[in-house]
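Hi,

Here is the structure I promised to pass on. Have a look first, and my notes on what turned up follow below.

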Amino acid sequence: MDQDILLEVRACRQAYHKDSSADLVVLDDVNLTLRAGEIVGLLGRSGSGKSTLLRIIAGLLPPTAGEVRWRGAPLTGPAEGIAMVFQSFALFPWLTVQENVELGLEAQGIPRAEREDRAEAAIDLIGLGGFESAYPKELSGGMRQRVGLARALVVHPDLLVMDEPFSALDVLTAETLRTDLIDLWSEGRLPARAVLMVTHGIEEAVLMCDRILVFASNPGRVAHELRVSLPHPRNRHDPAFGRIVDDIYGLLTRRAVSPTPSRATPADETGLATPLHPVNTNLMAGLLETLAAAPYRGRADLPALASALQLEVDDLLPLGEALSLLRLAELAEGDLRLLEAGRAFVDADTEPRKLLFAEALRSHVKLATTIRRTLDERWNHRVPALRFRDQLEDHMSPDYAEATLRAVIGWGRYAELFGYDEEADQFLLEEPDEEE
Amino acid sequence: MLRIARTATTAPARRRLPNPWDFAALLCVLGALAAVAHGAAGTFAPLDTPDATGITLDAWELPYYALRTTMRMFAAMGASLAFTFAFATLAAKSRRAGAVLIPLLDILQSVPILGFLSFTIAFFMGLFPGQVFGLELAAIFAIFTSQAWNMAFSMYQSLTTLPADLVEATRAYRLSAWQRFWRLEVPFAMPGLVWNMVLSMSGGWFFVVASEAITLGDATWRLPGIGSYVALALEQRDIEAVFLAMLAMGLVILAYDQLLFRPLVAWSGKFRFETTSAAAPVPDPWVLALLRRTHLLRLATASFGRVVAALGALRLPLPRLPPAMARPPRRIGDLLFGASVIAIVGLALWRLASYFAATIAPSDVAEVALLGCFTLVRVAAMIALASLVWVPAGVWLGRRPALTRLAQPAIQFLAAFPANLLFPPFVVFIVHFGLSPDIWLSPLMVLGTQWYILFNVIAAASAFPGDLAEATRNLRVDGLLWWRRVMGPAILPAYITGAITASGGAWNAAIVAEVAAWGDTRLAARGLGAYIAHATEAGDFPRIVLGVSAMVVFVVVINRLFWRPLAVFAARRATFG
């Protein structure tokens, strides 16, 4: 048996029970082994269940099925030796930096003198010396996350779990913190034996991790596993680095083009229930224009596009997917290619653009077509949104259904295909002979 | 090309046939109008009309009594709103007025209204001699004084925290002061104001019961209303009538909660100025849904809205108050203002001193001070006891969202329920077991106000951020450490708010709680409340003034020396964000 194995996740499944239809599966058949001495990244789109898995591993959430073994024994709750860093920092506003850092030690019943020494050491290590008596609200975001790190490291955890620790920070601050953390890690000064982090930044994952688990959504599962054997510190401009980033984009978009039907959700006969991301139509238009113009001229490499537009995977992929769905552009092998309809859209003025968009919406989004047809049939040209929400929820989680509805509302409004009355939660239509 | 209706109100209405809801709604509206007219008729009768101030325990009269009481409460609410708009605006807009008005409001908040009933009755009876209307106004005024202050405070707080960018926008677009008031200030204050209206309405019931049946010296009047009905039932030991009155009151509370406040709270949510959206969308209350989905009602509310909007858009020639920073304050004006304030304060002091010098002996003052200490001990003990019970209970409830949703309306109802109705069982209990009224009457003081503690603690515990809860579990903090480091500080600001309200209410309630009666069994505890109550009964004005002044001093001093520093500390340390 491998002495270095810290944590094992076997056939883990997380599902929420729904009374009307089948269970909603958030995670399905996830297997994972963590060894001492490695940094592992969980990479995926929002809603792919990676944060859920992190919470299961931290003992904050019991899995519906499957097993988590921590240091050889089944995990039953928050365990000694696992410390967590939060995306939102999760600092107690009424405790000073020192008191926040000491809290975990206090809970273990460690005497005051030792507590203070260890907290002091952790605070110094993470570069917060001199701020011991400050309250979190006096600190900038970057400093706050340093407190979060110190609080986790002070207990000398075997496993440090981090939930998108840098995504609430600005680009520069995040980069500094990442570098500091990796430096401590490579110098062996980080008092943790292994790190598990959730991220949606491809470059962040490649920059920091020894192993990356790429998640697929609906239901969330590990779709691919990559090893990154580049030595630290890593250079973003290294061609090998770029190739790995390209590969991951390829993996993510390949899956996006052909979504695998999940075993868990019942078959959808109406074709209505394609989950949609509420992507802003302005952004879509902006991306199409960028794509059509120099230097891309109709075809762009996704990593290049992402860094040019300062977009993360989480922003760029839904955009690309929406454009693919509407057949305005096409995602393939890590590239985005402009299609005929997309070219026409870019060349048109405001009003014709709306017509083209409406046409794309009618031809490719069944939900939009159905809403419009129902409205046409109704004597008062109003229909409760609840009706479609219920239909969607038979096939997807309430969150996804809500996102899908919001997407179709935004697109329908832009295309002037139908309107939506937020107060009454109804779709509506105005008759053509009004006002004209 | 199709055009899309932006909002429901621009959709064509002429083609739509009225639906069944329209008829139902129309009948309701007409019925309510008729009822109000019927109730109003009794208000303007001369005092010597038979039945004008007489009351029977006939159950069939109860709906009419409930109507009269409800009308009084809404009249008081209207007055409170008008007061709030005027007072808060003046206090927030004028530096000098604010310097005087805000401490004044603080004092007014601490004045035990029940002690002042005798004065206000004499005053309003003098205004309308021989008319029911005078008594009516006195009752409305008593309810008003229980409703207005916290609403004014809430509005003032909103006005002083207006987002700077929106203020600049209204100035850049040259909105007049009147337009700005209706376009920015009132909408911004709306969520807090509506919430305080709900609280005020609950608080008002206590005073309805106390202010409808009025005894002054040897004269007793009973205005038709639930309060008088209860008073008579207590006097005649008619337990069945007490229960009937409770039932009627419950129905009234339920009705205005469902018909008015729930829709209002939901509607005011749209003015909430937040960047993060609420956790879970709550479905519209059924009345709001009815208003929004019934064509005729929607049309009616929309036209009402248009009239209000038009009024708000008027460029009324109000004096344009200069922005605070625009020019240095005038020294002369400050001096004049300061001098007149000092003059008024001096005059008041002189009047009070000469009044007391003529009527009150130093021994009276010493007695009142001692009695005040008794009541203070009682209030402190009861608040501590209530906290010991309700803080853990509130945290427990607040951490269970399903239970919280069930508990909140129930507690709101309990808070609205006038605790004076529950006195009789206590009296019977104390007499039966021969217990000391000095100790056993004390719980009555917090019977009605303890709910504020529970309510606030539940709200704070349920708002505890999810990420902090996870961090707490990850660090495996529990037991005493959890209370000391995590949940204690998290609920502290809300707890203090609740405890201030509860203790202020307890002082006020002392006036009725330290003397409780069931028929001719009368119990009295030694305390300031009993002192004021006895003085009122005897029509002894100097001693009423003395007792009330002492109570104001006690409440203000405790607020300043104890609660205020605690609240400031809690606000500095234990707020999120």
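On bookkeeping, residues count from 1 along each chain as its sequence is written, while chains are lettered from A and ligands numbered from 1 in the order in which they are written. Keep in mind that this is a predicted model: local features need pLDDT of at least 70 and side-chain atom pairs count only at pLDDT 80 or more, whereas totals for chains, interfaces and linings use all residues.

As background, most residues other than glycine have a negative phi, and most peptide bonds are trans. A:His156 is not a glycine, yet its phi is positive at about 50 degrees. A:His156 sits in the loop between helix H4 (141-153) and strand E7 (159-163) of chain A. For burial I count other C-beta atoms, placed from the backbone, within 10 Å of a residue's own: 20 or more is buried, 12 or fewer is exposed, and in between is partly exposed. A:His156 has 13 such atoms, so it is partly exposed.

A:Phe89 also has a positive phi, about 75 degrees, without being a glycine. Its loop runs between strand E6 (82-85) and helix H2 (97-107) of chain A. A:Phe89 counts as buried because it has 24 C-beta neighbours inside 10 Å.

Then there are two cis peptide bonds to look at. One goes from A:His232 to A:Pro233, with omega near -10 degrees, and A:Pro233 lies in the loop between strand E10 (221-227) and helix H7 (239-257) of chain A. The other goes from A:Ala294 to A:Pro295, with omega near 5 degrees; A:Pro295 is in the loop between helix H8 (281-292) and strand E11 (299-301) of chain A.

Two helix pairs

Axes are lines fitted to C-alpha atoms, for helices over the stretch in contact, with angles from 0 to 180 degrees between N-to-C directions. Under 35 degrees counts as roughly parallel, over 145 as roughly antiparallel, 65 to 115 as roughly perpendicular, and the rest as oblique. Contact means C-beta atoms, placed from the backbone, within 7 Å.

In chain A, the axes of helix H14 (residues 385-393) and helix H15 (residues 398-415) come within 9 Å and cross at roughly 135 degrees, so H14(A) and H15(A) are oblique to each other. On the H14(A) side, the residues in contact include A:Phe388 and A:Leu392, and on the H15(A) side they include A:Ala401 and A:Leu405.

In chain B, the axes of helix H20 (residues 479-513) and helix H21 (residues 528-538) come within 7 Å and cross at roughly 50 degrees, which means H20(B) is oblique to H21(B). B:Ala510, B:Ile511 and B:Ala513 in H20(B) meet B:Leu528, B:Gly529, B:Ile532 and B:Ala533 in H21(B).

Chain B and confidence

Chain B has 22 helices and four strands, and 37% of its 577 residues are buried. Its pLDDT (the predictor's confidence in each residue, from 0 to 100) averages 79, with 82% of the residues scoring at least 70. Within chain B, the mean is lowest in helix H10 (residues 286-293), at 64, and highest in helix H13 (residues 362-398), at 92. Residues 1-15 of chain B stay under 50, with 27 contacts beyond four places in sequence. For the complex, the predictor gives an ipTM of 0.78 and a pTM of 0.76.

Cheers

Notes:
Helices (H or I, at least four residues) and strands (E, at least two) are DSSP runs, numbered from the N terminus. Two residues are in contact if their C-beta atoms, placed from the backbone, lie within 7 Å.
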